[in-house]
Amino acid sequence: MIDVKNLSLEELENFLLGVGKEKYRARQIFKWLYQKQATSFAEMTNLSKEFRQDLAVRAMISSLQPEVVELSVDGTRKYLFRLVDGSCIESVLIPEEGRNTLCISSQVGCAMGCAFCLTGTFKLTRNLTSAEIINQVCAVLQEVPVNNVVFMGMGEPLANLDNVIRVLKTLTSPDGMQISTRKVTVSTSGLVPELERLGREVTVNLAVSLNATTDEERDRLMPVNRRYPLKELLTACKRFPLPGGRMITFEYVLISGVNDSLDDAKRLVKLIHGIPSKVNLIAFNEHEGCSLRRPDQATIDRFHKFLLDKNITVITRSSRGADISAACGQLRGKLEKSVTSDK
Ligand code: SAH
Ligand code: SF4
């Protein structure tokens, strides 16, 4: 049976036309799904009863309910969702002055194998469907408003690009969730052809996880660099279509003794020269089984100040939700030991 949450507006229009209905009904259904969070066709009272019953025979509306919600001392919430096949994914809600940012997952695990990332050590189980991606947002919307959506949870969004593009369209569509394209960010480890396709097909903010300033170091930290080395990646960034005044975000995870020297900072300035961009520094979040370490605060401050002095827009992202393993790179789609009841 078809899950309407897996369809773009256009695909829903075609589905309705195929069963002899009017195309404009798709917009009405979309509004129910994404503006009113309907979970059944029966709720869609501007459709005739007969039509609603007919839809219920041909199609379904999937949803996700969090199995566990963990609350951090800093207000961050981590949602654990169990999918129909038993796999688990996580989403993280980060409340900041007057706005809520939701960090969502695009895959179960990740195949990219970055040396510093816990998600990466779990390898890829599978891509999420469009429905599973958007249902993370729908589930959280049941509780609180969501102002920003970032694809920075589990997985490499550009490795699941068809589904991610479909979701991006629904998130930003006037008939869908109506989130401004300025409030949606896709983060990538640097899959160049997919990055180019993303730029062609949708308007969205782009974050690129740079994390190193030489190919030698980046090859070690992020195996994707062997396929698309820095020069190719940065050329693609230069060409990425940025509407009025927007900037690319370069994420840079600072790892002690690996990429946190002033020489690294110098090279970073050179690499991003000429690209409208800002730099997001993230102190490495340590996790079990990984020997990498977070630099001390003085080293982080020194790196930050160097960029600032070169007139680069830089923020050092505070690690939110570390006490519930909800910080960057700590998602693993499993229950924390302390809340696992069946062991
Ligand atoms: N796969 C995408 C999006 C998910 S990762 C990507 O790599 O961009 C989101 C961010 O978390 C990336 O910038 C990544 O570099 C960062 N990250 C991963 N592991 C981390 C860790 N242990 N500490 C801090 N940041 C980490
Ligand atoms: Fe995957 Fe991103 Fe983690 Fe790399 S940093 S393993 S691309 S989720």
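So, helix H1 (residues 9-18) and helix H2 (residues 25-34) pack at an angle of about 125°, and their axes are 9 Å apart. Helices here are DSSP runs of H or I with at least four residues, strands are runs of E with at least two, and both are numbered from the N terminus. An axis is a line fitted to C-alpha atoms, for helices over the stretch in contact, and angles run from 0 to 180 degrees between N-to-C directions. That angle makes H1 oblique to H2. For the labels, under 35 degrees is roughly parallel, over 145 roughly antiparallel, 65 to 115 roughly perpendicular, and the rest oblique.

Before I go on: this is a predicted model, where local features need pLDDT of at least 70, side-chain atom pairs count only at pLDDT 80 or more, and totals for chains, interfaces and linings use all residues. Residues are numbered from 1 along each chain as its sequence is written, chains are lettered from A and ligands numbered from 1 in the order in which they are written, and side-chain values use heavy atoms, with hydrogens and water left out.

Back to our pair. Who touches whom? Leu 9, Leu 12, Glu 13 and Leu 16 of H1 meet Arg 25, Ala 26, Arg 27, Ile 29 and Phe 30 of H2, with contact meaning heavy atoms within 4.5 Å. By class, that is 6 nonpolar, no polar and 3 charged residues. Ala, Val, Leu, Ile, Met, Phe, Trp, Tyr, Cys and Pro count as nonpolar, Asp, Glu, Lys and Arg as charged, and the others, Gly among them, as polar.

Next, helix H5 (residues 130-141) and helix H6 (residues 161-172). Their axes come within 9 Å and cross at roughly 40°, which makes H5 oblique to H6. On the H5 side we have Ser 130, Ile 133, Ile 134 and Val 137, and their partners in H6 include Val 164, Val 167 and Leu 171. The classes come out as 6 nonpolar, 3 polar and 1 charged.

H6 also has helix H7 (residues 192-201), with axes that come within 11 Å and cross at roughly 25°. So H6 and H7 are roughly parallel. Among the H6 residues in this contact are Leu 161 and Ile 165, and H7 brings Glu 194, Arg 197, Leu 198 and Glu 201. Here the classes are 4 nonpolar, no polar and 5 charged.

H6 lies across strands E9 (148-151) and E10, at about 175° to E9. Those strands belong to an open, mixed sheet of 10, in the order E3-E4-E5-E6-E9-E10-E11-E12-E13-E14. Two strands pair if DSSP finds at least two bridges between them. E3 (66-71) and E14 (313-317) are at the edges with a single partner strand each, so one side of each has no neighbour in the sheet. The twist averages 20° from one strand to the next. E10 (residues 184-188) runs parallel to E11 (residues 205-209), joined by 4 bridges, and Ser 187 stands opposite Ala 207 in E11.

Last, ligand 2. Residues around this ligand include Cys 110, Cys 114, Cys 117 and Glu 156, where near means a heavy atom within 4 Å. The shell divides into 5 nonpolar, 4 polar and 1 charged.
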